[in-house]
Amino acid sequence: MTAETITAEASGTWKLGDLPVHRIGFGAMRLTGSAAFHHGTPSDRERSLAVLRRAVELGVNHMDTAAFYFSSLRSANELINSALSPYPDDLVLVTKVGPHRDHHGEWGTAARPDQLRGHVEENLRQLGRDHLDVVNFRRQRQDSIAEHFGALAELRTAGLIRHLGVSSVEPRHLAEALEIAPVVCVQNRYAVDRPDPVGDEVLQLCGEHGIAFVPFYAVAGDAGEHGATAAHDEAVLSVARAHGVSAAQVRIAWTLHQGPHVLAIPGTGNPAHLAENVAAGAIGLTGEELALLHAARTRTG
């Protein structure tokens with residue numbers, strides 16, 4: 001098989017609540033431009049639409065997006081709506097609320113609990129949906145997320161949201177949320193070259209509770225919102241050479257090997273990179289390779 005023929009099905013499946021998804025998904029942030037948010041230049045619209053359609057053809061049925069994913073000319077939600085509506089029955093759209101940007105692209109202050117309904121309704125409008133499959137509350141330095149998550153739980157009861165998740169949280173925040181309503185996913189920053197004892201604990205807790213753990217910036221690494229990193233540890237490069245794949249593919253494969261409950265949402269606006277990202281779900285790493293990568297991650301810290 002080649003990267004062009006491997007589908008997301010090869011990565012296996014997990015459930016977000018009652019919604020089955022392939023473990024390789026797609027992050028929409030990179031669709032809007034050469035780098036996220038106000039960095040870089042706007043994307044070519046037709047190419048972005050083509051990437052979304054090709055993702056579905058490759059079996060991707062889990063997409064991560066947000067109303068605050070936009071550049072000066074492109075909105076990720078609008079692109080998804082234009083490319084994929086009417087949506088496939090098995091497509092799960094996951095969005096997030098909490099952070100927000102004004103029309104000029106500048107970041108606003110963290111949302112109050114009473115503002116989250118407006119965030120949800122804006123995502124509904126942009127995506128052309130009457131409900132959202134999954135909504136993550138993205139924490140922004142709040143000491144407690146109880147009020148914010150409680151506000152979203154009320155919207156879930158009202159039928160605007162099907163399932164809830166949390167993002168950028170520590171174990172105590174996950175515990176807070178679980179006291180209020182079921183949590184189907186946790187979306188935290190997590191990568192092979194980024195030692196994170198707190199993240200490791202959250203990963204383990206998610207496995208114990210049957211909650212999906214969904215890393216972001218797993219490919220970007222320290223480059224974060226600016227795009228995929230070019231700084232790869234020698235351990236990553238050696239494993240890539242052994243498999244005849246790219247370092248980015250090894251980073252995705254390592255992510256998926258952290259547990260059956262771990263999902264990957266690599267993002268790209270490049271059709272070739274999309275196929276490579278999806279194909280990474282078929283890469284099997286040996287115990288020796290995982291130990292090598294773990295040792296390198298420990299040394300980095």
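**Cavity, pocket, helix and sheet**

Modeller: By class, 6 nonpolar, 2 polar and 1 charged residues make up the lining of the largest cavity. Nonpolar here means Ala, Val, Leu, Ile, Met, Phe, Trp, Tyr, Cys or Pro, charged means Asp, Glu, Lys or Arg, and the others, Gly among them, are polar. This is a predicted model, where local features need pLDDT of at least 70 and side-chain atom pairs pLDDT 80 or more, while totals for chains, interfaces and linings use all residues. Residues are numbered from 1 along each chain as its sequence is written, and side-chain values use heavy atoms, without hydrogens and water.

Colleague: Which residues line the largest cavity?

Modeller: L16, H62, D64, V94, C185, Q187, V214, L263 and I265. Two elements give two or more residues each: β4 (62-64) and β8 (185-187). The space inside is about 40 Å³, and the count is 2 cavities of 30 Å³ or more.

Colleague: What makes a space a cavity or a pocket?

Modeller: On a 1 Å grid over the protein atoms alone, a 1.4 Å probe fits in a cavity but cannot get out, whereas a pocket is an open set with protein on both sides within 12 Å along at least five of seven lines; lining residues have an atom within 4 Å of a point. The second largest pocket holds about 530 Å³. Of its 29 lining residues, A67, F68, F70, R101 and D102 are closest to the centre. Helix α3 gives the largest share of that lining, 5 residues.

Colleague: Which residues of α7 are buried?

Modeller: In α7 (residues 234-243), they are A235, V236, V239 and A240. Each is under 20% relative accessible area with a 1.4 Å probe and protein chains only, so each counts as buried (over 50% is exposed, in between is partly exposed). They cover an arc of only 135° around the axis, which puts them on the same side of α7. R241 and A242, on the other side, are exposed.

Colleague: How do you know that D233 caps α7?

Modeller: A side-chain oxygen of D233 lies 2.7 Å from the backbone nitrogen of A235, at the N-terminal end of α7. A polar contact is a pair of N or O atoms within 3.5 Å. After α7 comes G244, with a positive phi near 65°.

Colleague: What makes β3 and β9 edge strands?

Modeller: The open sheet has 7 strands in the order β3-β4-β5-β6-β7-β8-β9, paired in parallel. β3 (26-27) and β9 (212-213) each pair on one side only, and that makes them the edges. Strands pair if DSSP finds at least two bridges between them; β6 (132-138) and β7 (161-167) have 6.

Technical notes. Points joined across faces, edges and corners; volume = space filled by probe spheres on them. Helix = DSSP H or I, 4+ residues; strand = E, 2+ residues; numbered from the N terminus. Arc of directions from axis to C-beta. Polar contact = N/O pair within 3.5 Å; in protein donor to acceptor, adjacent residues only side chain to side chain.
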